[in-house]
Number of protein chains: 2
Amino acid sequence: MEERIVAHYLVETPFSVEGAAKILAGEQSTGTFISVPGESADLIQQFGARVENIEHLGSSDNPCIPESNPSGRTYKQARISVSWSIENFGYNIPLMISTLQGNLYELKQFTGLKLDDFELPESYAAYFKGPSFGALGTKKLCGVADTKPIIGTIIKPSVGLTPETTAQMVDDLIHAGIDFIKDDELMGSTTNSPFAKRVTTIMNIINTFADKTGKKPMYAFNITGDFETMQKNYETVLKAGGSCAMISINSVGWAGVKSIAAIGELSIHGHRNGWGMINRHPMLGINFPAYAKYWRLAGVDQLHVNGIQNKFWESDASVVRSIHACSSPFLNHQRLLAVVSSGQWGGQAFETYKQTKTTNLLYMAGGGILAHPFGAAAGVRSIRAAWDAAVSGKTFEQTRASNKEFAASVEKFGSKS
Amino acid sequence: MEERIVAHYLVETPFSVEGAAKILAGEQSTGTFISVPGESADLIQQFGARVENIEHLGSSDNPCIPESNPSGRTYKQARISVSWSIENFGYNIPLMISTLQGNLYELKQFTGLKLDDFELPESYAAYFKGPSFGALGTKKLCGVADTKPIIGTIIKPSVGLTPETTAQMVDDLIHAGIDFIKDDELMGSTTNSPFAKRVTTIMNIINTFADKTGKKPMYAFNITGDFETMQKNYETVLKAGGSCAMISINSVGWAGVKSIAAIGELSIHGHRNGWGMINRHPMLGINFPAYAKYWRLAGVDQLHVNGIQNKFWESDASVVRSIHACSSPFLNHQRLLAVVSSGQWGGQAFETYKQTKTTNLLYMAGGGILAHPFGAAAGVRSIRAAWDAAVSGKTFEQTRASNKEFAASVEKFGSKS
């Protein structure tokens, strides 16, 4: 049986949706602007992309993306599905990206085009093992039970601290009970905090703590760089006894991330900075379900999803959809660990669990921990208590009434769940 | 003297431009949403980003990117410049990308944000040699004089042809006098045209032609894939006597492209498919001057710029700006070869040269060559004649009157220059 890849797009066009979809399918496979002699019926049958489905969504008098010559046209929005034979590009993901997300964004036929999701034949599982650790493996590395989220935080200020100051903060945080700490994505190797020095200084603290307590909190060192830098940094983390490497996946790109993740010794923390550039417009770029699949194929274990009631622009609905995407089955791959962050404290635990029903999360708080009125340890405990309560079916208000540390965090960070 | 990287953005904000710019600078360096203890004056002085300049551009009642809660605000547009000390990330380009183009796209303060250009200290030249061949080196490989553009074409149908059929087309095209031929970006390795087989079959034809004539047309084989696939494909091309490797740079990503380009034996044809996703919206993403610099740093030799009067959405002004960006000085790097394509024939030579004054171009035509009334050889000659005429100061109409093959192409492809 022929295997096909199916991509789902949100599109907007001033022309007929059917016609525009057909042009997309042609441009991204055997067709071109003028008919050429070699495009035979057999060739189209084997290698032509096919429009599989069209769902009309509505229309507007204004285009999503401005046109140079607006002309009082009506812009129709639709969800369309297009398929390609696996024979077009086999198991080559960058080629697949160029097919699913290449020149089609240039077509005048569209005033909006966003890749929403795609489906791959099961045979891809033989070529891509996916995350080496995933959500459950990463939890195990952190010493966190399956039924609980990992509680984490980020070193701030983002950039400028010395290794010694950073290590002191790490010491305080792990004694406060934190499971996970990460570099900021802006922090790689600075004049006053060279990467290798920072790794050994911090891992000394963590290894000592682990020897004493049996619990080894995870530190995500930002290894982002060119391929050689990432390889070297990865080795440095591994040798120092670290368990996690962070990569700014958009800045490095798919091929670089794939090669590093393939080493398979460290959990890969995928930071999606730059995401707004490719997602923020509602009808341009890519949505998270498709994006997350690319990075699962690359072997990323942890992927940022923003958070409920976040401080950025993204809606709660979009965040919830992203968490679902991380937890969804894909090939035979491990589930992704959804990294929840941005203005988080214990308060959002209730709504997050209610809407997602998962604890396969790395739940990160900065101020929610460090600025807790009773100190950082109480900050960590108040978030854990909120999550335990949420998972056991208690409400925000019940938890506020029964837990003093959570109540204090409500006082400080807001009164809404 | 302190070295700083300066980035220029086009922004839109419903708040004060000064305030929003300051938040951008803070978020992308030492600051965060709440003030944290370690953010000392010294640390800010050394690692804080600085707003260097603000140029107000105008305002609008509607935001460029839709807001979830529109509230009758006025949206101010501006060009702002922000600088970072080189101490923040040194010579690490992916980290620089995450700094210049990271979480800032998430900020609610902006309803539009586009990286327009950036400047690097000269010290970067010691760490990045840039294109190995660039425009002039690639011309030399093709046997094309400095004063002329390379005339090229693309194999169509994009995908589905066998190696034998492709090689036959190549044979016809090189006998017609073409300088350059490329795989379509959708074509990598298909069931009926495995990469290695295609390379050897095509290079047999080209090598035979070169032995006979002393001229070796360049074929850009699409090596796009994960790192191992690209390495293997690169070797295959090199061993077969090829001179060029094509990479879909957005799909592969910066780190992968950098590692492959660093081999330095083949001219790297940088295909920018997916470009519309990050550039098509006038106030979201990145503009070509910044984009081209990233890829020069990676070592790409040839970069797509679309073409004057193209069949896609992009304006002529944007294409002209892109060609200028390829020809502009940057560090001590070779100039990029601007790859002009999309609905090109001889007719656009006049306007292209008039507006750019450069022949550091790969000028690609499909139908403009294959569909010429007197055949492909006349198609190639008519484009060469148009370029020679344009460079020597002749007009479109003069050339039409004096050159029968050009006149025939005008009849067929349009009457406008």
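Chain B meets chain A through 83 of its residues, which are in contact with 84 residues of chain A; contact here means heavy atoms within 4.5 Å. This is a predicted model, in which local features need pLDDT of at least 70, side-chain atom pairs count only at pLDDT 80 or more, and totals for chains, interfaces and linings use all residues. Residues are numbered from 1 along each chain as its sequence is written, chains are lettered from A and ligands numbered from 1 in the order in which they are written, and side-chain values use heavy atoms, with hydrogens and water left out.

The size of an interface is often given as the accessible area lost when the parts come together. Chain B and chain A bury about 6,700 Å² between them, and 60% of that lies on carbon and sulfur atoms. Buried area is the accessible area (1.4 Å probe) that two parts lose on being put together, summed over both.

Which kinds of polar link cross the interface? The rule finds 32 residue pairs in polar contact between chain B and chain A, both residues at pLDDT 80 or more. A polar contact is a pair of N or O atoms within 3.5 Å; within protein, one must be able to donate a hydrogen and the other to accept it, and residues adjacent in sequence count only if both atoms are side-chain atoms. The rule also finds two salt bridges across the interface, a salt bridge being a side-chain nitrogen of Lys or Arg within 4 Å of a carboxyl oxygen of Asp or Glu. In one of them, the side chain of D226(A) meets that of K258(B), at 3.5 Å from N to O.

On chain B, the side that touches chain A takes at least two residues from each of α2 (41-47), α3 (93-100), α7 (227-239), α8 (249-252), α9 (254-261), α10 (275-279) and β10 (284-286). Helices (H or I, at least four residues) and strands (E, at least two) are DSSP runs, numbered from the N terminus. By class, this side of chain B has 31 nonpolar, 40 polar and 12 charged residues. Ala, Val, Leu, Ile, Met, Phe, Trp, Tyr, Cys and Pro count as nonpolar, Asp, Glu, Lys and Arg as charged, and the others, Gly among them, as polar.

Over all chains, the search finds 36 salt bridges. One joins the side chains of E405(A) and R381(A), at 2.7 Å from N to O. E405(A) lies in helix α17 (residues 404-413) of chain A and R381(A) in helix α15 (residues 376-391) of chain A, 24 residues apart. E405(A) is buried, at 18% relative accessible area, while R381(A) is partly exposed at 43%. Buried means under 20% relative accessible area, exposed over 50%, and partly exposed in between (1.4 Å probe, protein chains only).

In chain B, R321(B) and D116(B) form a salt bridge with their closest N and O atoms 2.8 Å apart. R321(B) is in helix α12 (residues 316-327) of chain B and D116(B) in strand β4 (residues 112-119) of chain B, so the bridge ties together parts 205 residues apart in sequence. R321(B) is partly exposed at 37% relative accessibility, and D116(B) is buried at 3%. Back in chain A, a network of salt bridges links E2(A), R4(A), R50(A) and E52(A).

Strand β4 of chain B also takes part in the packing around helix α1 (residues 17-27). In this helix V17(B), A20(B), A21(B), L24(B), A25(B) and E27(B) are buried. These buried residues pack against β1 (4-13), β2 (50-60), β3 (75-85) and β4 of chain B. An α-helix has 3.6 residues a turn, so residues three or four places apart point the same way.

H271(A) belongs to strand β9 (residues 267-271) of chain A and is buried, at 4% relative accessibility. Leaving aside residues up to four places away in sequence, H271(A) touches residues including K182(A), M246(A), H304(A) and, in chain B, N103(B). The side chain of H271(A) also makes a polar contact with that of E185(A), at 3.3 Å.
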